[in-house]
Amino acid sequence: MTTNRATHAGGDEIISISHLSKTYNSGYQALKDVGLQIRKGEIFALLGPNGAGKTTLISIICGLVRPSGGRVLVGGYDIAREYRRTRAMIGLVPQELTVDVFISPWTTASLSRGLFGKPPNPAYIEKVLKDLSLWEKRDNHIMTLSGGMKRRVLIAKALAHEPDILFLDEPTAGVDVELRREMWQLVRQLRETGVTIILTTHYIEEAEDMADRIGVIHRGELVVVEEKTELMRKLGKKQLTLNLQAPIEHLPSGLEAYNLSLAADGSELLYTYDARAEATGIAALLGDLHEAGIHLSDLNTKQSSLEDIFVNLVEDRA
């Protein structure tokens with residue numbers, strides 16, 4: 001018996017993308033030579049501005065959009081040759097509401113399970129609806145639910161066939177803080193059961209809190225793919241805030257080389273430096289400040305956030 005399953009190095013990738021490109025009929029190139037490996041059981045956050053190619057990439061992996069070139073393997077199977085097999089491994093939560101608003105959450109989840117050839121399992125559907133705080137509304141028409149609850153129904157629909165991979169495309173857009181917290185708790189629980197989660201989000205603090213790895217896409221190209229902690233270590237800057245005992249109107253001559261800036265009406269000096277550098281220049285700066293007669297009352301440091309890093313990466317390629 002033959003099989004279309006590919007073998008790949010490493011063995012822990014559940015999604016393998018190589019030389020992927022997409023050009024639409026209009027001539028717009030949405031993706032350019034994208035290569036990416038997603039590991040089984042990880043939470044991978046894909047960040048990028050509007051129009052960067054995030055949704056196109058997800059749509060290709062899910063079989064909703066045909067690529068112009070390249071190859072995608074899901075679970076070792078080619079998405080073009082083994083579409084039904086690979087699609088059954090994936091749950092997709094799109095940005096837009098894509099359910100019949102005249103049926104109930106229970107019916108939506110049950111029908112979705114059946115569409116993927118899974119036998120009925122009322123106990124599992126019940127668990128999913130309870131985990132998403134939808135149980136009390138299980139028999140209500142979806143059109144009567146709040147926007148946040150409709151979003152939960154999309155997740156229930158995506159989970160109904162017990163997928164190995166869950167795509168969340170801007171899952172918390174327009175969702176209140178409490179629901180957002182509940183949804184991320186569910187995401188963590190799913191990861192603990194072995195589900196691989198790929199999310200796109202505009203809430204960069206969510207990626208910083210949730211993700212194991214970060215990918216930044218800009219104008220159809222993957223700018224960087226890195227472990228979250230390593231990305232912040234490599235690209236993060238630190239800022240030293242020096243609180244002065246007495247305000248100053250301008251920087252004394254001789255301190256220009258430090259690239260200092262005055263803040264808080266002259267009562268603070270801000271010094272930005274590369275945390276990776278062997279010599280940060282802080283010791284020399286403090287000595288020169290003392291020589292200039294500038295005395296400190298306090299000082300503290302601040303590490304760049306993931307948002308700072310993201311903005312810098314995109315601006316560098318604008």
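Author: Let's begin in β8, where the bridge partner of Phe44 is Ile198. Before we go on: this is a predicted model, so local features need pLDDT of at least 70 and side-chain atom pairs count only at pLDDT 80 or more, while totals for chains, interfaces and linings use all residues. Residues are numbered from 1 along each chain as its sequence is written, and side-chain values use heavy atoms, with hydrogens and water left out.

Reader: Ok. Which way do β3 and β8 run, and how many bridges join them?

Author: They run parallel, and four bridges join β3 to β8 (residues 196-200). Two strands pair if DSSP finds at least two bridges between them. The strands themselves (E, at least two residues) and the helices (H or I, at least four) are DSSP runs, numbered from the N terminus.

Reader: And what about β3 and β9?

Author: That pairing is also in the parallel sense, over four bridges. Leu46 has Gly215 as its bridge partner in β9.

Reader: How many of the residues of β3 are buried?

Author: Five of the five residues of β3 (residues 43-47) are buried, so the strand is largely enclosed by the rest of the structure. Buried means under 20% relative accessible area, exposed means over 50%, and partly exposed is in between (1.4 Å probe, protein chains only).

Reader: Which residues point which way from β3?

Author: Ile43, Ala45 and Leu47 point one way, with Phe44 and Leu46 pointing the other way. In a regular strand the side chains alternate between the two faces of the sheet.

Reader: Switching topic. What's the order of the open sheet of four strands?

Author: It goes β2-β1-β4-β5, with antiparallel pairing. The edges are β2 (29-39) and β5 (77-78): each has a single partner strand, so one side of each is left without a neighbour in the sheet.

Reader: What packs on that sheet?

Author: Helix α1 (residues 54-61) does, touching β1, β2 and β4 (69-74). Contact here means heavy atoms within 4.5 Å. The direction of α1 makes about 120 degrees with that of β1; axes are lines fitted to C-alpha atoms, for helices over the stretch in contact, and angles run from 0 to 180 degrees between N-to-C directions.

Reader: How many bridges join β1 to β2?

Author: Seven, with β1 covering residues 13-23 and the two strands running antiparallel. Leu20 stands opposite Val34 in β2.

Reader: Now rings. How many aromatic pairs are there?

Author: Two aromatic pairs. The rule is that rings of Phe, Tyr and Trp (its six-membered ring) pair if their centres lie within 6.5 Å; planes under 30 degrees apart count as stacked, over 60 as edge-to-face and the rest as tilted. Trp106 and Trp135 form an edge-to-face pair, 6.0 Å centre to centre with 65 degrees between the planes. That pair links distant parts of the chain, 29 residues apart: Trp106 is in helix α3 (residues 105-115) and Trp135 in the loop between α4 (122-131) and α5 (147-159).

Reader: And how do Tyr258 and Tyr271 sit?

Author: They are edge-to-face too, at 6.3 Å centre to centre and 80 degrees between the planes. Tyr258 counts as buried at 14% relative accessibility, and Tyr271 counts as buried at 7%.

Reader: What sits over the ring of Tyr77?

Author: The charged end of Arg85, 4.3 Å from the ring centre. To count, NZ of Lys or CZ of Arg must be within 6 Å of the ring centre and within 35 degrees of the ring normal. Lys22 lies over the face of Tyr24, at 4.9 Å from the ring centre.

Reader: Last one: how many salt bridges does the structure hold?

Author: Nine, where a salt bridge is a side-chain nitrogen of Lys or Arg within 4 Å of a carboxyl oxygen of Asp or Glu. One of them joins Arg85 and Glu82 (3.5 Å, N to O); Arg85 is partly exposed at 42%, whereas Glu82 is buried at 15%. Another joins Glu126 and Lys130 (2.6 Å, N to O). Those two are four residues apart in helix α4, so about one helical turn separates them.
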